[in-house]
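Here is a short briefing on one protein model.

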Amino acid sequence: MKLLRTSLAALAISLATPAIAQDGMATAEATADFPMTAQGAADWVAMVEREMFDYSIRASRVYWVNSTYLTHDTDAMAAEVGAEGTEMSVNFALEAAKYAQVPGLDPEVARKLDILRNGIVLPAPTTDGAATELNEIATSLNSQYGKGKGTLNGEEINGSDIEAEMGNLDHTPEEYAEMWASWHTNVGAPMKEDYARMVEIANEGAAELGFDNVGTMWRSGYDMPPEEFTADLERMWQEVKPLYIALHTYVRGKLNEKYGDAIQPATGPIRADLLGNMWAQEWGNIYPLVAPEGSGDLGYDLTDLIVEKGYSETDMVRVGEQFFSSLGFEPLPETFYERSQFVKPADREVVCHASAWDIDNKDDIRIKMCIKKNADDFITIHHELGHNYYQRAYKEQDPLHLNGANDGFHEAIGDMIALSITPEYLVQIDMLDRADVPGADKDIGLLLRQAMDKIAFLPFGLLVDKWRWGVFDGSISPAQYNTAWHELKREYQGITPPVDRPADAFDPGAKYHIPGNTPYTRYFLARILQFQFYKAACDQAGWEGPLHRCSFYGNEEVGENLNAMLEMGASKPWPDALEAFTGTREMSGQALVEYFAPLKAWLDEQNAGMESGW
């Protein structure tokens, strides 16, 4: 599930590394046409927005065709348009850094310059050959990860298969340890030298853009000083940490019961390979091992309800659309149904990974899925439509503001809508009989299953970038890469490797987002914000029951308030957008804590007499 980022603002926040060296002649001409004055800066920004807007529409169409008609030729077209966009974003970022120094800038112009300047994830310096070297390293790291293999019982196994096997409960602890160690060793270790060189080059590029290092640059995109943002993240973690510790204690106890002290001691950290996930970031795969007695029977099965209704794939999408219509949002354009990909075509290869698209930054919104008639895809549809309605809400904004308020907002909106698929909602849309609504005795199982993914993820969502920020600022040297990684995993997650790890290993490289250079804090923010948005909607709807059972379906006041936030896009600092819907200017984990409060009370009962923490 993802948001397709080919809008103009997304181009400015490019995830690509520079593929083409900067064009010095073009830069000189731009400076001559737009002098280094406040008015020159404003005129330059206007020119950039026009040029990038036109490019983004063309690029979106190319990427759509590539994703829905996978061929050698469409791959080549996508690579070509991607290189063009990268060159534009690099050139514009470098120029924006210069204009940002001009005195007397209009505040709106200054904000747009920051969007352009902050956006490139890995900035290349203008030194001859630096952009090429940086791109070659980044491409190599991606390729190494994609080709990576581990072993199971001595036999080679590829990345997607080994991920699935880590969640297979039929394996022995020895097999889990083999898969974990082989993947981290084979994939991570060979990357270390290249990664360190890439950090060195990118830091030089960040310096040219006016930042201390790449980490400071990443943290400068949140409408507050980087150090203040770092403190804000730690505050939110402290709010939710007691819930994580309670879950950690309970799960550790269940693993101790299953495996015994020799494999998983009853105290201390949890062995990383026993949690059903290669990185111990989500624990849902081992839910059967920790489920409370009798939690399996919820009284209904959402997949069965979809089949009983005889819904087609398109019908499932229309049910999702009706959720938004009930809040007062305008119906989707007919082109949405004509141009979206709902089912996997029989005659060609396509990308099935669910995504939301905004082709023309106006009304040509689409989703791309290979829908199956099951509960997971029903939920995913609601999530992806959340992206689409957000895109359409901010379509009147200036081109550089066609984005979420911060990089956590877009995913959080989709997730908030997905949280709303409660039994009450299913009753309201005539999919579930009220007599079949599960009683309160089923709540703990439902909440624990959600917590195994949403709560378990929180510390991991935080530590990935904490490690990278240390790498970028030099406080973590290449010699300390591995040691620092496992120290952070122990400090935040309470996780320890199943085998001793050598100091010269590079275990962070075994997580895709490290060699893929994808900032990770957005995922932590999305987990926090989705509950904050959900609670705000439920409060506005006058919901009085337990938060996790709330449905705000049909409440047009909620829709009006939600739209007020969505239509702002990135035009204002994110606290303004947050306040428009929630009434507060501070991101907070308190709503998440309230949502899981019944589970926390139950966990505390189960954990009585057990040693918590690690």
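Not counting residues up to four places away in sequence, Asn-256 touches Asp-261, Gln-264, Pro-265 and Ala-266. Asn-256 belongs to helix H11. Its relative accessible area is 16%. Asn-256 therefore counts as buried, the cut-off being under 20%. The model is predicted.

**Nonpolar cores**

- The largest nonpolar core holds 167 residues. Val-251, Leu-426 and Trp-467 have the most contacts inside it.
- Helix H11, residues 226-259, gives the largest share of this core, with 13 residues.
- What does Trp-467 touch, leaving aside residues up to four places away in sequence? Its contacts are Tyr-195, Ile-476, Tyr-481, Ala-484, Trp-485, Leu-488, Phe-506, Pro-508 and Ile-514.
- Another core lies apart from the largest one. This other core has 23 residues, among them Val-45, Val-48, Tyr-55 and Met-88.

**Aromatic pairs**

- The structure contains 43 aromatic pairs.
- In one of them, the ring centres of Phe-324 and Tyr-389 are 4.1 Å apart. The planes of Phe-324 and Tyr-389 meet at 10°, so this pair is stacked. The cut-off for stacking is under 30 degrees.
- The pair links distant parts of the chain. Phe-324 sits in helix H14, residues 313-326, and Tyr-389 in helix H16. The two are 65 residues apart.
- Phe-324 is buried, at 2% relative accessibility. Tyr-389 is buried too, with a relative accessible area of 1%.
- Ring pairs also build a cluster. Its members are Phe-323, Phe-324, Phe-329, Tyr-389, Tyr-425, Phe-531, Tyr-534, Phe-552, Tyr-553, Tyr-595 and Phe-596.

**Charges over rings**

- Arg-366 lies over the face of Trp-64. The distance to the ring centre is 4.8 Å.
- Lys-511 places its charged end over the ring of Trp-279, 4.5 Å from the centre.

**Disulfides**

- How many disulfides does a search of the whole structure find? The search finds 2.
- With the bonded cysteines numbered in sequence order, the pairing reads 1-2, 3-4.
- Cys-352 bonds to Cys-370, with 2.1 Å between the sulfur atoms. The torsion about this S-S bond is about -80°, so the disulfide of Cys-352 and Cys-370 is left-handed.
- Cys-352 lies in the loop between helix H15 (334-339) and strand S5 (355-358). Cys-370 lies in the loop between strand S6 (365-368) and helix H16 (375-393). The pair therefore ties together parts that are 18 residues apart in sequence.
- Cys-352 is partly exposed, at a relative accessible area of 30%, whereas Cys-370 is buried, at 10%.
- Cys-538 and Cys-550 form a disulfide with sulfur atoms 2.0 Å apart. Its S-S torsion is about -105°, so the disulfide of Cys-538 and Cys-550 is left-handed.
- Cys-538 is part of helix H22, residues 521-540. Cys-550 lies in the loop between H22 and helix H23 (556-566). This pair therefore ties together parts that are 12 residues apart in sequence.
- Are Cys-538 and Cys-550 buried or exposed? Both Cys-538 and Cys-550 are buried.

How values were computed: Residues are numbered from 1 along each chain as its sequence is written. This is a predicted model: local features need pLDDT of at least 70, side-chain atom pairs count only at pLDDT 80 or more; totals for chains, interfaces and linings use all residues. Side-chain values use heavy atoms; hydrogens and water are left out. A disulfide is a pair of cysteine sulfur atoms within 2.5 Å. Helices (H or I, at least four residues) and strands (E, at least two) are DSSP runs, numbered from the N terminus. Buried means under 20% relative accessible area, exposed over 50%, partly exposed in between (1.4 Å probe, protein chains only). A nonpolar core is a set of buried Ala, Val, Leu, Ile, Met, Phe, Trp, Tyr and Cys residues joined through side-chain atoms within 4.5 Å. Contact means heavy atoms within 4.5 Å. Rings of Phe, Tyr and Trp (its six-membered ring) pair if their centres lie within 6.5 Å; planes under 30 degrees apart count as stacked, over 60 as edge-to-face and the rest as tilted. A charge sits over a ring if NZ of Lys or CZ of Arg is within 6 Å of the ring centre and within 35 degrees of the ring normal.
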